[in-house]
Amino acid sequence: MSAGAFTGDRKLPWTPALRGLEEVVAHWEEQGVARDIVLDETLPPRPAHTVAFPDDLSVGVRRALLGRGITELYAHQARARELGRAGRSFVVATPTASGKSLCYNLPILERLAEDPDARALYLFPTKALSRDQEVALRKLMSEAGLPHGAITFDGDTPGDARRVAKERSGVILTNPDMLHAGILPHHAGWARVFSNLRYVVLDELHTYRGVFGSHLANVIRRLRRIAAFHGSNPVFVGASATIGNPGEHARRILGVDDVEVIDESGAPTGPRRVMVYNPPLVNPELGIRASYLKSAVRIAADLVRANVPTLVFGQSRNGVEVMLKYLRDRLRSEAGLDETAIHAYRGGYLPQQRRAIEEQLRSGHIRCVVATNALELGIDIGTLDAVVCAGYPGTLAATWQRFGRAGRREAPALGVLVTSSMPLDQFVAREPGQLVSAPVEHARIDPDNVEILVQHLKCAAFELPFEEGDAFGDLPHESLEGALGFLADHGVVHASPDASGKTVWHWATDHYPANGVSLRSVGWDNFVIIDLDTDKTIAEMDWRSTHTMLHEQAIYQHAAEQYQVERLDYENHKAFVRLVKPDYYTTAMTHTKVTVTAEDQLEELPLARPLSVGFGEVSVVEKVVGYKKIKFFTHENCGYGDVHLPEMQMHTTAIWLTFPEPLMLELCEVLRVPRPAVVDALRGLLSAMHVMGAMGLMVDPRDLGQTLGDQSDPNGPPGTRSGAATGFDPTLFLYDQVPGGIGLASRLFEERESLLRRARTSIAGCGCESGCPACIGPDAGTEMPRELPSERRTERDQPRRKALAIALLDHLGVGSVH
């Protein structure tokens with residue numbers, strides 16, 4: 001086998017019988033695969049730092065731990081127990097598989113042993129994780145001799161179990177959505193729990209970022225308010241994977257300043273080998289690389305053939321299903337492997353399917369799972385030795401969260417990142433050392449975002465009236481009373497004086513506000529997917545994804561099988577599908593239009609030519625306009641189709657750069673190129689700004705949207721002039737991809753000049769000749785104008801996009817960052 005065999009479409013020659021990680025890696029080195037591995041580093045093992053059981057550790061808990069072979073605590077667990085027992089809030093921010101769950105279980109179980117009436121509330125970001133933790137917690141409580149129950153309270157909990165949860169369960173496990181809509185509005189029925197609430201646990205704290213985290217912070221404000229009303233003041237405990245600001249993030253979510261950070265892990269780790277594989281160029285002129293999906297499949301296939309339990313992460317549901325099909329086909333034909341040894345795990349699978357896969361993983365019956373980020377979280381899936389990431393997850397934190405799923409039992413582990421042709425992936429491939437040396441990103445939230453805050457104030461007023469002088473977490477009093485005044489002006493709450501003359505705001509409408517607030521910015525109701533041949537529900541899909549994956553004639557992929565969508569009942573949230581065997585899958589084409597609704601700031605950049613940068617509120621309208629048919633294995637486009645679905649609209653914040661008509665005319669004249677060529681160069685500049693903006697903010701690029709608008713559109717970008725038509729004024733938009741925004745665009749506005757300079761540095765520093773996916777996108781292939789400065793000129797038969805973008809920035813006076 002050669003390196004080319006790793007990337008071509010032909011079958012690999014039979015791989016010799018290999019056993020274990022070391023033999024697989026040695027085989028890759030022998031066959032020349034190493035030439036495309038741009039990083040190969042082994043992180044040394046780390047010994048354990050332990051302490052003896054405290055003398056006052058409760059008898060039952062001590063017995064339970066000894067029964068599991070645990071004879072001492074890791075240092076971070078001992079510190080967490082100490083803080084929890086002292087009634088101090090804390091956050092544990094240690095790597096995956098470091099025993100974080102014991103950090104909060106220890107003090108809570110001891111409190112339950114001392115106080116039979118005590119209650120604890122555990123919050124997990126997903127139903128699957130809460131169910132997984134319920135099983136483990138109940139077993140631990142039983143071993144400790146605690147009669148208190150532990151029960152998951154979510155949408156799947158039957159009615160009789162719900163009554164038990166309210167009346168007798170010592171620990172309630174739920175998710176933020178259920179707390180928000182199913183518990184807090186009905187707190188009177190939960191009086192026994194809230195009056196005895198001693199601990200609140202927020203597990204996987206790092207996942208609560210952006211709009212979800214901003215919503216959760218307001219849910220916690222409501223929770224603290226209701227707990228105080230019932231006479232309790234619980235201790236808050238957070239558990240997080242490694243992020244750059246665990247203390248700040250926890251304090252922002254909890255709304256308190258006194259939160260201690262435990263970020264030194266005492267848990268041991270085995271040696272971890274980290275590789276970055278950058279598929280070879282198949283079209284050097286355009287910077288196009290071999291398929292990262294097929295490369296990841298080949299790497300994973302070698303590992304599975306060698307009996308290495310492997311987890312493959314994909315970037316999307318479609319990508320996961322495509323890789324599952326490729327892996328099953330490949331290993332069935334080459335190794336005769338039973339296809340049930342390879343499964344997919346992603347959102348949309350029914351709960352019983354996910355639980356069956358989790359159980360088979362723990363038991364060792366499954367040798368490989370292809371998953372979305374659903375398995376980044378701490379669900380117990382047993383022993384894994386290797387993780388393959390098909391594409392950079394967007395942040396270092398997410399990358400290490402995925403890599404951390406391997407080697408969970410202190411054994412040697414392998415993490416392989418297979419980079420795509422996308423700009424951020426190629427930046428990682430050019431600077432792979434940053435993967436192991438750069439600081440981990442910060443988690444960002446904005447709980448005081450007006451759109452989010454007002455929604456939760458409605459919910460809070462429904463739950464309890466507000467009295468003058470009341471607090472709502474750490475929200476300033478003047479902001480709280482201003483928002484309540486706004487709600488009163490709109491008839492949502494009614495302000496009236498009480499007997500002492502203080503103003504009291506009462507809920508004044510007859511609807512149930514929590515039902516209209518979704519914490520995750522998607523519609524309340526999922527679409528169910530029904531197999532027409534069996535008349536059974538096979539899966540579900542969130543409202544937003546339905547537009548791109550369940551439109552009529554789409555190929556919906558499920559567990560390596562393909563279903564064609566025959567009918568989409570949009571009003572009743574049902575998609576009807578039929579099993580087919582096509583040689584293609586479908587991918588949606590989306591059109592995005594941005595309209596400025598309020599211009600908050602406008603500044604002129606200090607450049608050689610006038611260029612204004614604006615910041616404000618925008619409306620983003622997305623519409624799926626069609627779909628492409630993509631051949632399996634070759635990935636060639638084999639057809640198109642139309643889609644007729646309603647638009648999706650979002651109001652958020654954006655930064656924009658407008659190139660007015662006079663400047664466009666000047667650029668066309670100076671650069672001696674037609675207007676479409678300048679617009680094309682601006683599109684490439686926007687791509688570079690998007691990547692540099694996401695990197696500078698240390699956020700996932702998917703949190704930041706981008707599009708190029710048209711000034712001549714009456715509903716388009718900002719600025720109007722009287723008189724003659726203004727022509728085509730291209731406007732570059734970068735916007736927050738969450739309703740209301742979370743402060744990304746405002747921070748970019750503050751760094752507006754630096755952003756342009758860093759974009760120029762990125763374009764000029766790329767090793768391509770004329771533009772590639774790693775910098776500004778590939779060029780269309782038109783000739784280079786002779787009139788460009790000599791240092792920007794290439795041969796006449798070379799594409800010009802990159803040189804034209806740099807020349808454009810030079811004319812504006814935008815220099816590189818040195």
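A: Start with a strand pair: β19 and β21 (residues 503-507) run antiparallel and share 2 bridges. Strands pair if DSSP finds at least two bridges between them. Strands themselves are DSSP runs of E, at least two residues long, and helices are runs of H or I, at least four long; both are numbered from the N terminus. Within this pair, Phe466 stands opposite Trp505 in β21.

The pair belongs to an open sheet of 3 strands, ordered β19-β21-β20, with antiparallel pairing. Its edge strands are β19 (466-467) and β20 (493-497), each pairing on one side only.

This is a predicted model: local features need pLDDT of at least 70, side-chain atom pairs count only at pLDDT 80 or more, and totals for chains, interfaces and linings use all residues. Residues are numbered from 1 along each chain as its sequence is written, and side-chain values use heavy atoms, leaving out hydrogens and water.

Now two residues in loops. Glu204 is not a glycine, yet has a positive phi of about 55°. Glu204 sits in the loop between β8 (197-202) and α9 (210-229). Glu204 is buried, at 7% relative accessible area. Buried means under 20%, exposed over 50%, and partly exposed in between, with a 1.4 Å probe and protein chains only.

Arg672, also not a glycine, has a positive phi of about 55°. Its loop lies between α20 (661-671) and α21 (675-697). Arg672 is exposed, at 56% relative accessibility. Most residues other than glycine have a negative phi.

Last, Asp600 lies in strand β27 (residues 584-604). Asp600 is partly exposed, at 46% relative accessibility.
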